[in-house]
Amino acid sequence: MGGFSPELAAGVRALVSPYGVVSEVVPGTPVRGLTGLSLASARVNGAPGVERPEEFRGSGRSPAGPGDAELIAIAEAAERYAGADFPGSEERWATVAELDGPVLDMTAVPRCSETEYASGHCPVVPFRADEPIRWQRGLDMASGEAVWVPSVMARHGMRRLAPAERFWNRISTGYAVHSDPAEALLRGLCEVCERDSAALVWQQMLPLPRIEFTRPTAELSALLAHGERHFVTTHFYDATTDIGVPTVYCVQVAEYDDSCHRSVGCSVGRDLTEAAQKALLEAIPARAVFHRADPDAYALVMAGAQFMGRPERRHAFDFLLEQSRTRRVEDGTSLPRHAGQALAQVVGALSERGMQAVAVDRTTRELAAAGLTAVCVVVPGLQPLTFHRYGQYRAHPRLYSAPVAMGCPSRPEEELNPWPQPFL
């Protein structure tokens, strides 16, 4: 969330106080040799239902200066706050049959495979329509119709889960905050598409084409030059799926770093150049995390990345690094700059494939007073990204149909990538 107007910046900063949405904002540790990149972090101030406080922080990184990085961190913290345990006025305990009106297509909700469920380590259970769970209202993004959505899918900070609600892995995918409601919806939807791509690339070991940049932007060139000065090489791949949201998957190779020998990033943008720069902005400051994570705690977000960063597992990335097929960045897909037009394009692509996208309004009074709209977007037809080794939703049809739609081979479950998800 960049490009803050003076009025919006004032509203966002008003969220920071000992009693506000954000309790504090602190500068991040500078990246050595990269003086043009500013970092910041922000902490949510006691959001209700915070069982996992590490997930209720915001981070900001910006080449536009420390002020912009702080605003981005506050906005991301506000996004996390929107996912806390605020039930909403229409929440109901009910089975599917007891609900009045349209319900999210629960037959399309991703499931783990029988192998995963039987492993003894799977973090989720199969959904059961005859068991009561909590539901809240959302909006079908194609029809505009009100739809009942399981609360656990629209509130990642939900606490005290009933056994039947544990079919979904709670994570902040699909949440977005912005001053423009259409832009908030677009960003939430595109993040779901981004995570879909990251999950597909790794599990199916997709042979993606490398991206060739004819004229990289000055900012992207500076980031790449910084890596080269520190013996880090970055490889970019076009990970755009059949949905058409420009997506870049990058692999960084640091031959002399025993803790972070390989690392990945994945981001979306209006075009491939923007997506590549965002992926790199995420990857560069995140490298320090590898030196602090517990390699045995697979359920932690950063544990898989740290585990896969070790030199002895470098060959797990060969399915990408050994690719010679290339694609010019100019030949990649793009989205309109106008948020409403881009939103219509992505929703239309999903509808053409029979995929329902539902948005849930998560705007609290505090965020509305700051001029912000908060949403959570749910798309059951897309592949979720999870960090649990034994809960990758390997029975979801999308995992096997998407590679074919992207012009790649599709592997059966027994041939999927056995290594933990390295995405951070």
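## Report on the predicted chain

The protein chain has 12 helices and 14 strands, where helices (H or I, at least four residues) and strands (E, at least two) are DSSP runs numbered from the N terminus. Its radius of gyration is 21 Å, close to the 22 Å that the globule rule gives for 424 residues, so the chain is as compact as a globular protein of that length. The radius is taken over C-alpha atoms, and the rule is 2.2 Å times the number of residues to the power 0.38.

This is a predicted model, in which local features need pLDDT of at least 70 and side-chain atom pairs count only at pLDDT 80 or more, while totals for chains, interfaces and linings use all residues. Residues are numbered from 1 along each chain as its sequence is written, and side-chain values use heavy atoms, with hydrogens and water left out.

**Whole chain**

The C-alpha trace spans about 60 × 55 × 40 Å along its principal axes. Of the 424 residues, 57% count as buried; buried means under 20% relative accessible area, exposed over 50%, and partly exposed in between (1.4 Å probe, protein chains only). Among contacts with a separation of 6 or more, 69% come from residues 24 or more positions apart, a contact being heavy atoms within 4.5 Å.

**Two strand pairs**

Two strands pair if DSSP finds at least two bridges between them. The table lists two such pairs.

| Strand | Partner | Sense | Bridges | Residues opposite |
|---|---|---|---|---|
| β9 (residues 232-238) | β10 (residues 247-254) | antiparallel | seven | His 235 and Val 251 |

Strand β7 is covered on both faces: Tyr 175 and Val 177 are buried on one side, and Ala 176 and His 178 are buried on the other. In strand β9, six of the seven residues are buried, so this strand is largely enclosed by the rest of the structure.

**Leu 281**

Leu 281 lies in helix α7, which covers residues 272-286. Leu 281 is buried, with a relative accessible area of 11%. Leaving aside residues up to four places away in sequence, Leu 281 touches Leu 37, Arg 61, Pro 63 and Leu 223. Leu 281 and Val 31 are 250 residues apart in sequence, and their C-alpha atoms are 11 Å apart in space.
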